[in-house]
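Thanks for coming, everyone. I would like to take a few minutes to walk through one model with you, so please have a look at it as I put it up.

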Amino acid sequence: NETPSFAISLLKEYRNCGIGTELMKKMLDELKACGYKQASLSVQKQNYAMKMYQKLGFQIIDENEEEYIMVCQLVKKMHILVVYCHPSKNSFTHAVKESFVKGLEDAGYSYEISDLYAENFCPVMSEDEYVREGFYQIDHPVKEDVLREQEKINRAEIIVFIYPDFWTASPAMLEGWFQRVWTYGFAYGNE
């Protein structure tokens with residue numbers, strides 16, 4: 001296996017001083033410079049350093065009764081959300097989307113597609129959604145289809161929009177997606 005596994009330990013008086021974080025960063029930089037694509041470690045479930053490992057990019061990939069197995073990807077590939085909006089598979093826009101996705105795959109990027117027509121996304125804002133957005137009434141719930149789209153956005157590091165230009169505007173379906181998905185408290189607000 002091409003994944004080095006390592007561990008660090010500090011004497012109690014040197015903990016919570018940033019030393020462990022700096023050691024980990026240096027080790028990860030060194031592994032990356034040597035051409036490794038990922039690194040792993042095992043950590044006891046109650047270990048106070050769990051948060052530090054997660055901040056450095058380690059993710060839990062397995063566990064047993066006592067410990068987590070964590071991996072850090074050293075060569076980061078961005079996760080991309082493709083929001084695709086066209087009703088026909090027999091179109092130039094569809095060909096652009098297919099070509100773009102092939103490029104993502106060839107480059108090794110992870111991605112997901114929101115195909116608004118294929119998923120029957122409802123672009124029509126309900127009265128309850130209007131009240132929530134128009135009067136900033138955040139206590140009104142967000143609809144499930146909108147929450148799913150927001151989860152995709154949160155997973156993405158890049159959002160790509162592929163759609164035709166209909167008389168100098170995006171399709172109504174995409175306009176509705178923006179109006180319903182970019183909600184108060186998610187895309188904008190007081191914080």
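Predicted model: local features only at pLDDT ≥ 70, side-chain atom pairs only at ≥ 80, totals over all residues.

Let me begin with the strands. Strand β4, residues 79-84, runs parallel to strand β5, residues 110-115, and six bridges join the two. If you want a place to look within that pairing, Leu81 stands opposite Glu112 in β5. Between the two strands the chain passes through helix α3, residues 92-107, and this β-α-β crossover is right-handed.

Now to the tyrosine, Tyr68, which lies in strand β3, residues 67-73. Is Tyr68 buried or exposed? Its relative accessibility is 19%, and because buried means under 20%, Tyr68 counts as buried. Leaving aside residues up to four places away in sequence, Tyr68 touches Leu41, Ser42, Val43, Lys45, Met50, Ile60, Asp62 and Glu63. His86, by contrast, is 18 residues from Tyr68 in sequence and, C-alpha to C-alpha, 44 Å from Tyr68 in space.

Finally, the cavity. The structure holds one cavity of 30 Å³ or more, and about 60 Å³ of space lies in the largest cavity. Which helix gives the largest share of its lining? That is α4, with three residues, while α4 (127-134) and α6 (172-181) each supply at least two. The lining residues, among them Glu129, Arg132, Lys143 and Thr183, divide into four nonpolar, two polar and five charged.

Definitions and conventions:
Residues numbered from 1 in each chain as written. Heavy atoms only, no water. 1 Å grid on protein atoms, 1.4 Å probe; cavity = no way out; pocket = protein on both sides within 12 Å on 5 of 7 lines; lining within 4 Å. Points joined across faces, edges and corners; volume = space filled by probe spheres on them. Helix = DSSP H or I, 4+ residues; strand = E, 2+ residues; numbered from the N terminus. Nonpolar A, V, L, I, M, F, W, Y, C, P; charged D, E, K, R; others polar. Pairing = 2+ DSSP bridges. Right-handed = clockwise from strand over helix to strand, strands pointing away. Buried < 20%, exposed > 50% of the residue type's maximum accessible area, 1.4 Å probe, protein only. Contact = heavy atoms within 4.5 Å.
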